[in-house]
Structure formats: structure tokens, C-alpha cells
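Please open the model in your viewer and keep the sequence at hand.

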Amino acid sequence: MAPRRPDGAGAFPVPVESPAPRPPDPAELYAALDLGTNSCRMLIAQPKGGQFHVVDSFSKTVQLGEGLERTGALGRASQRRTLQALRICHQKLRRHDVTRMRLVATEACRRARNGPEFLRRIQRETGLTLEIIEPEEEARLAVISCAPLVSTKTEQLLVVDIGGGSTELVWIDLSSVPNRERPRAIMRLHAGFHPPESPFPAAKVVDWISVPLGVATLRDQFRDVEDDAARYALMSWFFEENLAEFAPYKDEQTRDGFQVIGTSGTVTTVAASHLGLKRYDRTKVDGLRMTSDQIDRVIRDYLAMGPLGRRRDPRIGQDRQALIMSGAAILQALLRLWPTDRLSVADRGLREGLLYAQMSADGVLEDSPV
């Protein structure tokens, strides 16, 4: 269960991309599917300027990692739920005639001893070919999805992606990049690190870490603790213990020019609760900046509600109520450690990163830095 990081100075490996068999059509649709520990999610989108337009989407809680902490394997019921969701994804891909896609699996399939076997079963029964990606690529994709939210005033950036089975943190130094180029410098990480002779201003990844604790796996670690508040405190302390060697944790950092971006269902749920939304609205949540006091207030309200109250809250819902407190424990541990009193909320993540990476590599985005 030790956090994983690359050998050396923390640089991402340069990914090897398959050559495109033909020049892509700018009007062609792209798809990205993320099979995580808790959810199966997919986006189908079309390039539009320097961004993309979502044509169709899918999201379903499948709890693929249920019981994984105890057994080390993906259970039959979890596989069955996941296959049902993937069949729907396959139907959507066929309906939209999508040929350019990347379908990935993350922590649950990485850790399960029968993860590769399950991916072969997925291919047989749904026709979809998924690949298990490594933690460093998962972190890199989450980072580039957040590029539009990076402030031009940001010199030190911490991107946090709280998943179901793991949490990725990436610390990036932008101080040598001209202010207006900083969001674009983040986007250029889709190709890995640029060599020194790159003509583009480079974002420097100082350190990154993948902690094998996400909302589902952290909850499972403390499932036997009955008291709600005690379980929350233990989860937050335990997660903080796993960050002891992460670079920004070890050294004093200046508050000025430091930005933290959080991307996860936990972060967006906390934001929706803070705004008092009766129905989730991505346009109000994505890009919102919350203070640590506002986040603390929401979390205190969650604890006061108790499990039953959280289940009845429409912004949390029955599917998420069991996971929101483990996610909140991770979030509050992070805010105790970093020199900032604000968090930028990102309703974006691995799927968006996959789409940006595919489109950028194909050169179908305007002002693409490839």
C-alpha cells in the first residue's frame, strides 16, 4: 500500500503513441472511457477550436473495487455490474460511429490479481478493448484536463485527483513560464516532458505521487470503526501519513502564487453543497474557488447530518453518501498541509485529459502545441 512514484527526479516517461493510419478529420468524434474503482464514465466529443464539444456521455457507479481490499480480486457481482455498464458504452460508441477512442482502466484493475483476466472478459463480451494505465499517466492526464483553470498568476501549482482507488498529486513549477503562457504550458504535458531545446515555455514537474488510497479504498480501511466522527478523523490522519515524503510537504512554501486544483466527485459535491444547489449544475461548479473555511463548514455539516442525513441529501445521494466522508477526509488533510486557503474546483479529470491528449496529438485543436 506504499505510495508509488517514478525513479529519478519525478519526471513522467515520454509516452509511446501509435501512428495514425490516416490523417484525422477535424469533424470526427473522439471517445474517452475511464473505468475506475467506483465508477465507469465515458465522454464522446468533437474538437471545437482549442477545446471540444461533448456530444454524449455516460456515468454509472459500478463499485468494481468492492471487496478488493479484503480479497485482492475483483468480485463476480462487481464484474457483472461493470459489464452491464460497458455494454451501454459500446452501444453509444456504435451509434455515434466513433473510431478514435481511448478506453482505460485504473487502480482497481491495476491492483486486482484478476484485473488482466477481467479485461480479456470485457473484450470477449462487449467488444471493447481497455488498457490498464500506470499511475504516472493517470496523474498526467488529470493535470492537462485542468489546464484551462490555471491562473496566469500561478507560479506553483498542485493538482489533486481523488479517485475511487487512488489519489494522484502533481506539483508543478511555472515560475519560469511567462504569465499568459502558463495554462498552455500545462496542456503541453500531454506529450510528457519537453527537452531543453523545446521552443515552448516548459512547465516543470517538481514531484508527483500516487497514493493507493481513494474514496473507496480509504473507506474500506476503516469500515470497522462504528463512530462516524472518529472514523472521519482516523481516515484523514491516515491519509496524511501517506504524504510524508511528497516534496511540497517537506519544505516551507510561499503562499503567494500557489494554486491548488482539486478534481474529483468529492470536490464537486462539496462545492455543490456550499452553493446550496438543489440540482447539480456543472457550469456553476467547474472553476469555482472555495476557501478552506467554506470547505470546513460543509464538512462539519456532513458530520452533523450523520449517515442517514447524508443519504437523504440530494446533492450527495445514496450512491455517494458512503464515500463522501472518506473523500472529505482526504480533502481536509490536503488543505492542512499546503500554504493556501483556497481550492479551485475542477469538474473534469481523466476523461477530459484523454480527449485533450488524443486531439492534441492529432493536431485537430486550434493553437495545438504539438
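Helices (H or I, at least four residues) and strands (E, at least two) are DSSP runs, numbered from the N terminus. This is a predicted model, in which local features need pLDDT of at least 70 and side-chain atom pairs count only at pLDDT 80 or more, while totals for chains, interfaces and linings use all residues. Residues are numbered from 1 along each chain as its sequence is written, and side-chain values use heavy atoms, with hydrogens and water left out.

Next, select G115, F118, L119, I122 and T126, the buried residues of α4 (buried means under 20% relative accessible area, exposed over 50%, partly exposed in between; 1.4 Å probe, protein chains only). They lie on the same side of α4, because they cover an arc of only 105° around the axis, taken from the directions from the helix axis to the C-beta atoms. Turn to the other side of α4, where E117 and R124 are exposed. Just after the helix, G127 takes a positive phi of about 85°.

Now select E66 and R81, which form a salt bridge with the closest N and O atoms 3.0 Å apart; the term denotes a side-chain nitrogen of Lys or Arg within 4 Å of a carboxyl oxygen of Asp or Glu. E66 is in the loop between β3 (51–61) and α1 (68–71), whereas R81 is in helix α2.

Finally, select R102, E131, E137 and R140, which a network of salt bridges links.
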